[in-house]
Amino acid sequence: MKVTRKQQKEETRQRLMDAVAAELASGRSFDTLSLREVAKLAGIAPTSFYRHFHDMEGLGLALIDEHGTTLVNLMHRVREQAAEGRSVIRASVETLFDYIFGNQGMSRMILQESLSRQSAFRSAAEKLLVTMSRDLAEFLVWDADRRGVPLGHPRLAADSTVAILFTTGIALLDTPAEERERYIEAAIIKVRMIMRGSEAMGQA
């Protein structure tokens, strides 16, 4: 089957993103990568890079968007399991941290950029956190209605939960593997406390 020009362009664009993701996974930081190096890794001429991205910042933003979408969709699927009786809090926390451990390069970039001063990357990372918080708040309202439990300030509960999980995620990236379980269990307890507090306020 003949590959169209559009398909070729999409494949090359993805190769550029995959090349950067691979370097991040190896421990490189994004700001150490040059356009020329990334183009070489993707097997294209440096001048061809500009057919796909305006600059390296544009490529970085595309990576954050791609992985953010993957993470949001992953959390959606996990919450669907709540109807099957699985602990949605434990499942969500463990799934999030499994993703972080499995994608440490990109996770480090997203988590650290949410705290950086570089406006474009920080805005993209913050947008992801806002999206995750909004989606979680919508789920909390739906789940509370399903269980017949009144909920107080679901958006604040969601904001607090996302903040705790991402703060823990940053710490876990530099935590020895044998100590991670303690941090994960602590995060689960904190999230449960937030949810209990929200339910208590809903009944007050």
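1. A word on terms before the helix pairs: axes are lines fitted to C-alpha atoms, for helices over the stretch in contact, and angles run from 0 to 180 degrees between N-to-C directions. Helices (H or I, at least four residues) and strands (E, at least two) are DSSP runs, numbered from the N terminus. With that in hand, helix H3 (residues 56-80) and helix H5 (residues 104-113) have axes that come within 11 Å and cross at roughly 105°.

2. Keep in mind that this is a predicted model, where local features need pLDDT of at least 70 and side-chain atom pairs count only at pLDDT 80 or more, while totals for chains, interfaces and linings use all residues. Residues are numbered from 1 along each chain as its sequence is written, and side-chain values use heavy atoms, with hydrogens and water left out.

3. On the H3 side, Gly-60, Leu-63, Ile-64 and His-67 meet Met-106, Met-109 and Ile-110 of H5; contact means heavy atoms within 4.5 Å. These residues split into five nonpolar, two polar and no charged (Ala, Val, Leu, Ile, Met, Phe, Trp, Tyr, Cys and Pro are nonpolar, Asp, Glu, Lys and Arg charged, the others, Gly among them, polar).

4. Helix H7 (residues 154-172) packs on helix H8 (residues 180-203) at about 170°, the axes being 10 Å apart. That makes the two, H7 and H8, roughly antiparallel. Residues in the contact include Ile-164 and Leu-165 of H7 and Ala-187 and Val-191 of H8. The tally for this contact is 10 nonpolar, four polar and two charged.

5. Zooming out, the chain has eight helices and zero strands. Its C-alpha trace spans about 65 × 40 × 30 Å along the principal axes.

6. The domain assignment (automatic or from a database) gives domain 1 (1-53) and domain 2 (56-203). Their centres, taken over C-alpha atoms, are 29 Å apart.

7. How do the domains meet? In domain 1, 15 residues are in contact with 11 of domain 2. Together they bury about 1000 Å², 83% of it on carbon and sulfur atoms; buried area is the accessible area (1.4 Å probe) that two parts lose on being put together, summed over both. Met-17, Leu-24 and Phe-30 supply 54% of the area that domain 1 buries there, more than any other three residues.

How values were computed
Parallel < 35°, antiparallel > 145°, perpendicular 65-115°, else oblique.
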